[in-house]
Amino acid sequence: MTGVIAGSVTVLMSGAAFAETVIIGHFGNPTPMQLLASSDAVEQATGWDVEWRKFAAGTDVIAAMASGDVVLSELGSSPLAIAASQGVDLQMIAFSDVIGKAESLIVSKDSGIETLADLKGKRIAVPVGSTAHFSLMGALKHEGIAEGDVTIMNMPPDQIAAAWEQNAIDAAWIWQPVQAQISETGTLLIGADETAAWGYPTFDAWVVNTEFGEENKEQIVAFLKEVDRVNKEYLADPSKWTADSEPVKTLAEATGADPSQVPGILEGFAFLPLSEQVTDTWLGGAAETIKGTSEFLKSAGRIDNVADDYTPFVNADYAEAAK
């Protein structure tokens with residue numbers, strides 16, 4: 001990809017030293033990694049001048065990485081499969097989180113929807129191309145509902161919230177904080193943890209531009225060590241992450257979430273230590289998981305091609321060095 005480094009890394013003079021300005025993409029979820037976005041820990045560990053950039057959906061991340069504007073980012077498993085199938089020059093280097101009820105189908109209390117079968121003829125909002133969209137399609141397939149039997153409305157999260165208030169939709173598969181907002185007048189029908197059990201797993205990955213990663217191996221490893229550190233802080237005792245705890249207050253301030261909702265949101269994700277990620281179950285099997293996701297997306301008419309091998313799009317070496 002011509003100009004990736006030139007477009008995404010600016011060399012700045014800082015005293016007698018040079019610092020690289022690196023844009024790191026994320027989704028703004030109140031997860032432990034937000035402790036890094038709220039401090040200078042990554043700058044201290046890598047020597048980079050970091051700009052954290054929030055994205056509304058994975059499709060926006062794909063565009064930013066394809067253009068060279070962003071070289072390191074969170075990316076959902078479904079958009080990752082789309083990007084890899086399109087040949088975007090990136091590699092998955094770690095799991096950011098495994099998605100459970102953090103992404104769920106919320107149905108309006110006035111919609112008459114009580115089971116998946118009741119979705120027929122209803123209006124369902126979702127950011128198309130996202131992990132939430134993948135989970136929705138998996139749920140419909142599991143229930144035997146054809147996509148044409150429902151009206152799928154492509155909306156970013158903020159538009160979903162507005163459409164919900166206007167009663168323009170009957171249901172939405174979405175993440176936080178919009179999920180909590182619409183749940184005030186809606187009911188959680190099913191979560192991504194259940195669709196995962198049906199064979200449609202979803203996760204957020206850390207991905208890096210291949211060339212940038214090769215030229216910045218030490219810094220990428222240092223970055224993953226910091227991510228692993230804050231995840232372990234949470235995993236050491238999740239019960240301590242209460243609404244009035246300092247970590248939760250920091251996450252709430254960074255993301256705009258209500259502190260009282262953050263502990264519940266955290267429970268909707270699974271955070272894996274790097275020592276677990278490097279096993280065959282996780283990074284060792286990621287290429288096959290991405291291929292399976294791609295095959296499903298192709299069968300659903302969302303992508304045109306599926307690669308024979310997705311191994312080039314997964315690189316566990318960084319996580320292995322950082323564990």
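This is a predicted model: local features need pLDDT of at least 70, side-chain atom pairs count only at pLDDT 80 or more; totals for chains, interfaces and linings use all residues.
Is R53 buried or partly exposed? I looked it up: R53 is partly exposed, at 24% relative accessible area (buried is under 20%, exposed over 50%, partly exposed in between, with a 1.4 Å probe and protein chains only).

Numbering runs from 1 along each chain as its sequence is written, and side-chain values use heavy atoms, with hydrogens and water left out.

Salt bridges next. I searched the whole structure and got 11 of them (a side-chain nitrogen of Lys or Arg within 4 Å of a carboxyl oxygen of Asp or Glu).

R53 pairs with D69 at 2.3 Å, N to O. That pair links distant parts of the chain, 16 residues apart: R53 sits in strand β3 (residues 49-54), D69 in the loop between α4 (58-67) and β4 (72-76) (helices are DSSP runs of H or I, at least four residues; strands are E runs, at least two; both are numbered from the N terminus). D69 is partly exposed as well, at 26%. I also found E51 linked with R53 and D69 in a salt-bridge network.

Then I checked D228 and K232, whose closest N and O atoms are 3.2 Å apart in a salt bridge. The two are separated by about one helical turn, because they lie 4 residues apart in helix α11 (residues 217-236). D228 is buried at 6%, whereas K232 is partly exposed at 40%.

Last, I noted the salt bridge of E320 with K323, 2.6 Å from N to O. E320 counts as partly exposed, at 38%.
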